[in-house]
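Subject: Structure handover

Hello,

Here is the structure you asked about. Please open it next to this message and follow the notes below with the residue numbers at hand.

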Amino acid sequence: MTFDEDEGYYRNRHSVYLLQYHLVVVTKYRHPVIRGSLRDRLLELSHRVLEEKWKCHISAMNTDGDHIHILFETSPQTQLSVLANNYKTVTSRYLRKEFEKELRPYYWKPYFWSDSYFICTVSDRTEEMVKRYIENQGKRKYSRG
């Protein structure tokens, strides 16, 4: 997959494309555990899983206590449901293992992410809006009412 700077599209052997997606994954029971070093590790793992394993390009990514937003580009061959579930499985295993002590008060079973996720396509007309939205994540005070 190569990016054509002049046209603004990706090319592979058989196609020219620009497929952008907005993925949101929420922690189980919406516990606000994505903070500090766990947040840093999650961002690092996200880059590793999506860019290295799935060959995606991450355009924007941020967290807000109980969820993560990721704006990414990928090829037409990518199965989005498989990608989302693989992302949740891999990041969950690493985070539960590395942050067992911090997560124990919230998760007594092998959970981290909710079973569900949100994914939508993003057109070039709305990409800047989604980027601004993601970049503003974490800037508001988080309160559990």
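**Overall layout**

Read from the N terminus, the elements of the protein chain come in the order β-β-β-β-α-β-β-α-α-β-α. That makes four helices and seven strands. The radius of gyration is 16 Å, close to the 15 Å that the globule rule gives for 145 residues, so the chain is as compact as a globular protein of that length. Please keep in mind that this is a predicted model.

Along the principal axes, the C-alpha atoms fill a box of roughly 50 × 30 × 25 Å. Of the 145 residues, 44% count as buried. The chain exposes about 8,800 Å², and carbon and sulfur atoms supply 48% of that area.

Two further values describe the chain as a whole. Take the contacts between residues at least 6 apart in sequence: 71% of them join residues at least 24 apart. As for charge, there are 24 positive and 19 negative side chains, and the centres of the two sets lie 10 Å apart.

Which strand holds T27? T27 lies in strand β4, which covers residues 19-27. Its relative accessible area is 0%, and because buried means under 20%, T27 counts as buried. Leaving aside neighbours within four places in sequence, T27 is in contact with V33, I34, D66, Y107, F112, W113 and S114.

T74 is in strand β6, residues 67-74. T74 is also classed as buried, since its relative accessibility is 2%. Which residues does T74 contact, once its neighbours within four places in sequence are set aside? They are Y17, L19, Y21, W54, C56 and L80.

Q77 is found in the loop between β6 and α2. Is Q77 buried or exposed? Its relative accessibility is 53%, and the cut-off for exposed is over 50%, so Q77 counts as exposed. Q77 and N12 are 65 residues apart along the chain, and their C-alpha atoms are separated by 11 Å.

**Two residues with positive phi**

R30 sits in the loop between β4 and α1. Its phi is near 55°, which is a positive value in a residue other than glycine. With 40% relative accessibility, R30 counts as partly exposed.

K55 is the other case to look at. Where is K55? K55 is in the loop between α1 and β5 (57-63). Phi of K55 is near 60°, again positive in a residue other than glycine. K55 has a relative accessible area of 53% and is therefore exposed.

E44 belongs to helix α1, residues 36-53. E44 is partly exposed, at 44% relative accessibility. From E44 to P76 there are 32 residues in sequence and 25 Å in space, C-alpha to C-alpha.

N85 is part of helix α2, residues 80-98. N85 is partly exposed too, with a relative accessible area of 37%.

**A cysteine in β7**

C120 is in strand β7, which covers residues 113-121. Its relative accessible area is 27%, so C120 counts as partly exposed. Not counting residues up to four places away in sequence, C120 touches Q20, Y21 and H22. C120 and S59 are 61 residues apart along the chain, and 15 Å separates their C-alpha atoms.

**Where to start**

I would go through the residues in the order given here. After that, locate R30 in the loop between β4 and α1 and K55 in the loop between α1 and β5.

Regards

Notes. Residues are numbered from 1 along each chain as its sequence is written. This is a predicted model: local features need pLDDT of at least 70, side-chain atom pairs count only at pLDDT 80 or more; totals for chains, interfaces and linings use all residues. Side-chain values use heavy atoms; hydrogens and water are left out. Buried means under 20% relative accessible area, exposed over 50%, partly exposed in between (1.4 Å probe, protein chains only). Contact means heavy atoms within 4.5 Å. The radius of gyration is taken over C-alpha atoms; the globule rule is 2.2 Å times the number of residues to the power 0.38. Accessible areas come from the Shrake-Rupley method with a 1.4 Å probe; for residues, only the protein chains shown count as cover. Lys and Arg count as positive and Asp and Glu as negative; His and the chain ends are not counted. The place of a charge is taken as NZ of Lys, CZ of Arg, CG of Asp or CD of Glu.
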